[in-house]
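Reader: I am new to this structure and would like a close look at one part of it. Please take me through that part step by step.

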Amino acid sequence: MKIDWAALGSVFGVSLLATVALVGLFTLGIVGLSKQETASANGGSAVMARTGAYACFALCAAAVAYGIFLIVT
């Protein structure tokens, strides 16, 4: 049995990059929601913060759905 170390390293690198990107995107969504609460508490408009947060969450959901699609097909 031979192990293709280059392919294993490539899979590890892509998995690590995707995980960090997905967690970072989700974190940006949470920060956007917290900015929305802060802006509305101060009497300001929080439309951009809410829109950005929802966009981040939508991109996270799309990435997860694409990963499931890749596994199923």
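Reader: Which residues in α1 meet which residues in α2?

Author: The model is a predicted one, and what follows was computed from it. From α1, the residues that take part are Leu 22, Leu 25, Phe 26, Leu 28, Gly 29, Ile 30, Gly 32, Leu 33, Lys 35 and Gln 36. They meet Ala 49, Arg 50, Ala 53, Tyr 54, Cys 56, Phe 57, Leu 59, Cys 60, Ala 63 and Val 64 from α2. Sorted by class, this contact of α1 with α2 has 15 nonpolar residues, three polar ones and two charged ones.

Next, the arrangement of the pair. Two packed helices are described by the angle between their axes and by the distance between those axes. Here helix α1 covers residues 5-41 and helix α2 covers residues 47-72. They pack at an angle of about 155 degrees, and their axes are 8 Å apart. An angle over 145 degrees counts as roughly antiparallel, so α1 is roughly antiparallel to α2. The crossing in which α1 passes α2 is left-handed.

After α1 comes Gly 43, which has a positive phi, near 90 degrees.

Now to burial. Gly 29, Gly 32 and Gln 36 are buried in α1, and α2 is included in what covers the buried residues of this helix.

Gln 36, a residue of helix α1, can be taken on its own. Its relative accessibility is 17%. Buried means under 20%, which is why Gln 36 counts as buried. Apart from neighbours within four places in sequence, Gln 36 is in contact with Ala 46, Ala 49 and Arg 50. Of these partners, Ala 49 and Arg 50 are also among the α2 residues that meet α1.

Leaving out residues up to four places away in sequence, Cys 56 touches Leu 25, Leu 28 and Gly 29. One of these, Gly 29, is itself buried in α1. Cys 56 can also be placed relative to Ala 41: 15 residues separate them in sequence, and their C-alpha atoms are 22 Å apart in space.

Notes
Residues numbered from 1 in each chain as written. Predicted model: local features only at pLDDT ≥ 70, side-chain atom pairs only at ≥ 80, totals over all residues. Heavy atoms only, no water. Axes fitted to C-alpha atoms, helices over the stretch in contact; angles between N-to-C directions. Helix = DSSP H or I, 4+ residues; strand = E, 2+ residues; numbered from the N terminus. Parallel < 35°, antiparallel > 145°, perpendicular 65-115°, else oblique. Left-handed = near helix turned anticlockwise from the far one by under 90°. Contact = heavy atoms within 4.5 Å. Nonpolar A, V, L, I, M, F, W, Y, C, P; charged D, E, K, R; others polar. Buried < 20%, exposed > 50% of the residue type's maximum accessible area, 1.4 Å probe, protein only.
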